[in-house]
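Here's a quick briefing to read alongside the model. Have the viewer open and follow along topic by topic.

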Amino acid sequence: MSKKRYAIVLDTRKCLDCKACTVACKAENLVPLGTENYRNWVSEGRLRGSYPRLGQEFVPGQCMQCGNTPCKRVCPTRATGVGAGGIVTVEDKKCIGCKYCMTACPYNARYYNEERGAVDKCTFCAHRIEQGRLPACVETCPTNVRTFGDLNDPDSEVSRLLVERPYRVVKPEMGTKPFLFYLI
Amino acid sequence: MSAIATVIRRPGEWAWFGVLAVAMLAGGAAVGYVFVAGHDHALNVSRQIPWGILISTYVFFVVSSTGLCLVSSLGDVWGFKAFEVIGRRGHLLAILTLLTGFGVMAMELNHPFRMVLYAVISPNFSSPIWWMGALYGLYLVLLCGEFTALMIGSRRMSFIFGLAGFVAAISAHSNLGAVFGLLEARHYWYGSFLPIYFILSALVSGGALTALIVYFNHKARGISLSPDYERFMITVGKLQALFIGILMFFIVWKMIPGLYGKPPEKYEATMVLLAGPLAFNFWFFEVLIGMLIPFLLLINRRTLTPFGVTIAGLLCTIGIFFMRYDLVIAGQMVPMRESVAEGPAHLLEYFPSLAEFAIVAGAIAFCLFLYSLAEKFLPMEGGHRH
Amino acid sequence: MSKFLRPEIIGKGSIVSRLLKRKLSRRRFLGVSSCALGTVALGSQLNVLKALAEPGSGVKLSLVPDRSVFTCCEMCVNKCGVIARMREGVIHKLDPNPSFLRSRGMLCARGNAGLQTVYDPDRLKYPLIRTGARGEGKWRRASWDEALDLVAGKMTAVADQYSRAGMMFVSTEGFQEEFFLRFAECFGSPNTLRHPTLCLASNLQGFGATYGTNPFPDVRNADYLIMSGANRAEALFTPDSIDMIAGDGGRRKLVYLDPRFTRTAAKADEWYPIRPGTDLAFVLAMLHVIVGEKRYDREFIDTMTVGFDELVPHLETYSPEWAAGECDIPAEDIRRIAREFAAAAPRAIYYQGRRSSFFDNDTQLRRAMAILNVVVGNWDVKGGMLPGKKIHLGENYYLAPWYDGVPERLETGDVTYLSLKDGAWKPFRDRVLAADPYPVKGMMVYKQNPLQSVPNRSKTLAMMEQMDFICTIDITMSDTAWYSDVVLPEATYLERLDPIHVLSGPVPEAVMRQPCIEPLFETKPNQWIMQQLARRFGDEVAESFNFTMEAFIANQVEGHPEILEALRTRGVYRENDEPVYGASHGKRMKTRSGKIEIYSAKYAKEGQDPLPVYRAPQTPSRGRYRLLLGRTAYFTHGTTQNNPYLHELMAENSLWLHPDEARRLGLRDGSRVRVRSSVGEESLPLRVTEKIRPDCVYMDHGFGVLSKGLSRIHGRGASDAALIEDRMEPISGNVAMHQTFVEILPA
């Protein structure tokens, strides 16, 4: 059995900006209340054009589970690491709260969780994956914007999508090698 | 009884310690508030601007420490005789500013005690912050060694510690620049500019602070400057003019690439300083107070007096405090994610909370308090060759 | 009563109650000291879990559920299948039920936020009796016995002094509403007043008068969709919202008409900012093209419909060129859309939407939309309009007592087709205020919140003011509860066992709510409340409520144990997975003629237009704007704005205004403005946006609450109900909410 490499492929054309993923994530991962506290998000894209010719995109996101992790690199105590399937993890007890990883992340994917006493971020719901369940954001989405799977499995849905459809990643110039892929 | 007598005898001293005590009490109360209410509520830092005035004040203090060390070692290590008079005081204040800096940073950290443990048992050698801790730790040890050597008057020891301290100061401080400069995500900070710039600005800081301590010591004691000190002040003044000149050159070349071709994010951050929310800080405090006026005072023969050098030093120090603040905040004000669908591009906002201000004030007072005590109880006069 | 208050329930409730009380006071304390601090102190789920888990053993919290409960959502009307993941006796997460077909296995933000209805410190916890003036917010906690005795006594007093019709029963849909309506019937009042005339009454009327039923659009299989007045990307409706997107990127085309650039507009292939109130002109012009160019389905029209021959001459003047001037949509686009629509037929749907309380011509608009679907043969075909089907359940019979001398419904004769069950809010309220033909002096409310939902709030307040007695049953302190005399706390949907309900549609499904936890505090299911109340009205009334929920459900599934088995093991029961198409072809429709009625003889008889006639809406005078209102995907009407999770998504509504107009008025984005109509004034922040027609302003529904019991949103935003004039569509009695003009003033 080969090693897994988890990824999420997003089809933003389907996104309604209904925020189901955001609320599902907060409940699933016991993210504290507060508008600053979230592991995933939906951004309103810039409004294109002017009345009455308008266009707009909605872009969901979360930790990109980068292949080249600026957050892990800068963490002074190795609290941030990379776990099974390439998921970037935070070991709570080692986090000193210097927030260096927060300044290093080009995606603003991290926040300081006062209740856990550590920086917190998306884990692709690793605890659910272990039980064979989908990440909460993937499962709950009304329009199935997100597809989750193992990129090392050539037959997985995510692998298939990335073969069949053109895609982009966010801020490729950062060299972070993100594993969130946005279909074009 | 004796305390009251002292107060009556020296009202100035009493007022000085009184002011420091009030500021320290405010700072202490703020520290207590941080522990009770939590960082989240006591500090105005946020998810998007995680580093606030406490980090910039920390940088200010350690820059001061580095500068004091570099300038003070000019006498003991590099043989510039005019600087020997500042040896003890310079190194002592270097130690105190460094410790205060650590204290301020600890208030920004959520878990300073975890840091002590996990930095040792789980070090990450690719982290500039880990190196920052290690190098400043080493630097602190060497500073203490140097200060001890100066106090016991061992020339050989002071040279060795001084040289080692000098190297450690350069390493630690340029690494502090790298803490910011290695963040690819932050276009305004990223690159090799900051490590070099930090060393240069440390020299300005060091020159300014040594001039201040010399002047105010004499003032407080009501004595006039000896020829040695007179010479020191004028030399520092001239050197300071040179440092400020180079600093202005650096600032100009920091700004031009930030504007030229409007590089994304870097341009927005540069404009924050030039014409944005931090423009007053930049033009008034950094440029006018921090550089232009001191520079003019120092290149003008008529104002190149000990008093003129002191005023220049004071203005420089204030300016540098704002330089640190502006650098830290401007680098974070451009959002990592576009957050506005309509209207002009959006900048993040940060303004320190009352608790943050109080901690900063308390820290400055604490540093001055310790230094004043040292002046009272330790033989600070002169260097080792007296 | 005692059997519902088992000791361990009280025990658990009290832990949480202490916890929530502490949090509440801390939040209030912090709220005074700094609003910025407010967020933290709100009870977080983790703290609730910790507090519950700690006594005992210091159990280590893991994110792995120890138990799962199949139930169904009640955050809106869609009733999506839910699997509640339980841990340490606490609801940890609500997951979508993948077996539930109608929601396509999803759960929206509200569905996910549902668990906060249980653990929200703002929820109603105990029966409350008012001690101060109405609306002053002074309450005392009462026992159920005391509260119910008081309610029963007051109701009897109203019945004695006036008549049984002097009590009005206000309610809205829900799995336990039937017990409330049963109680109203057993009490003997004809005056039940439900939500449809604030919502879709004209829609049901218009489509019903044409098809004999309100059909279900097969959005999933449609190739061409036209939506007007239906913001499906935000006003989520299953499965249409999901199916609308499913075809995106494929052969599907979505044409969307809305004065606002909504999220649906962002997803549409074409968006036209139509002039509000002119949709009928657009539909008539489409019909003009399709009929004039003979692009209709002749065979279908001949076999299934009546009145097409009357339609042809009726359409003559309704040309696209004429409509262009009405709708602000170019004639060539109307013509092209009509042709594309006809070409895609019968997999082409002019979507009828849900809420249709826009204009006083709405029933005729819905008629025209139905007729447009009909002429292209859109009935019971794949990708078209489908008949709803049902799953048959056993009945629970009861016998309501007969009372002599009870008058007819209050607003009888005010509406062409008045629903005896639903009533019509506007004329009803006017008649209460006039005490004409008889006074109504008592008000029982279940779940509905007329102060937030009925246009012209000051009239609703006046109506409530003249009441001798008001009792509200709800889960939160709604505005209506806030102005009541007695407030009874219902258990939330996650704490109740509810009857089985069948969601009709092309693929009908049966769902049920199973309790995840015992009701917290002293909250009770409505069935229990009605039962206890009924006992206070004599044996005959009590008899109709003398059952347990388990027995009620057993009757529903009598002879069909497989239904209950499926509900328990999969959370949903259905008989087939795919719709069966075309079974109704050639069969009699549920209209008087037995055919689809293009020409409505019954309307003609009632003096209404038998074919839709266009009458142009009023245009706003200079300096005034048409006030529009609508929804976001985060909130259900006025009910979920105070939910801790959802509140974070939007803390306040704002007034949308086009940049040109904002410039003209000298108003800046984000500044606070006052909005003034002929019936009220509200203030809220301004949002300057290109997303709206310059002659309109818009606000999201559900803010500007009066109740301080909704602590997060009190004082935030504006209430549209306070601004909208009360106008009515005469055929269905539906209110017309988009006919109010307002001025915008700096605050």
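A residue is called buried here if 20 or more other C-beta atoms lie within 10 Å of its own, exposed if 12 or fewer, and partly exposed in between, with C-beta atoms placed from the backbone. Helices (H or I, at least four residues) and strands (E, at least two) are DSSP runs, numbered from the N terminus. This is a predicted model, where local features need pLDDT of at least 70 and side-chain atom pairs count only at pLDDT 80 or more, while totals for chains, interfaces and linings use all residues. Residues are numbered from 1 along each chain as its sequence is written, and chains are lettered from A and ligands numbered from 1 in the order in which they are written.

**Strand S16 of chain C**
- S16(C), residues 469-474, is mostly covered, with five of its six residues buried.
- Strand S15 (residues 442-446) of chain C pairs with S16(C) in the parallel sense over five bridges; pairing takes at least two DSSP bridges between the strands.
- In that pairing, C:Val445 stands opposite C:Thr472 of S16(C).
- S16(C) also pairs with strand S17 (residues 486-489) of chain C, again parallel, over four bridges.
- C:Asp474 stands opposite C:Pro489 in S17(C).

**Where chain C meets chain A**
- The contact takes 38 residues from chain C and 32 from chain A.
- Elements giving two or more residues on the chain C side include helix H3 (45-57), strand S3 (90-96) and helix H26 (644-649) of chain C.
- H26(C) gives the most to that side, with four residues.
- By class, the chain C side has 24 nonpolar, seven polar and seven charged residues (Ala, Val, Leu, Ile, Met, Phe, Trp, Tyr, Cys and Pro count as nonpolar, Asp, Glu, Lys and Arg as charged, and the others, Gly among them, as polar).

**Chain A overall**
- Chain A has six helices and 12 strands.
- Its C-alpha atoms fill a box of roughly 50 × 45 × 30 Å along the principal axes.
- Of the 184 residues in chain A, 57% are buried.
- Among contacts in chain A between residues at least 6 apart in sequence, 55% join residues at least 24 apart.

Conventions. Two residues are in contact if their C-beta atoms, placed from the backbone, lie within 7 Å.
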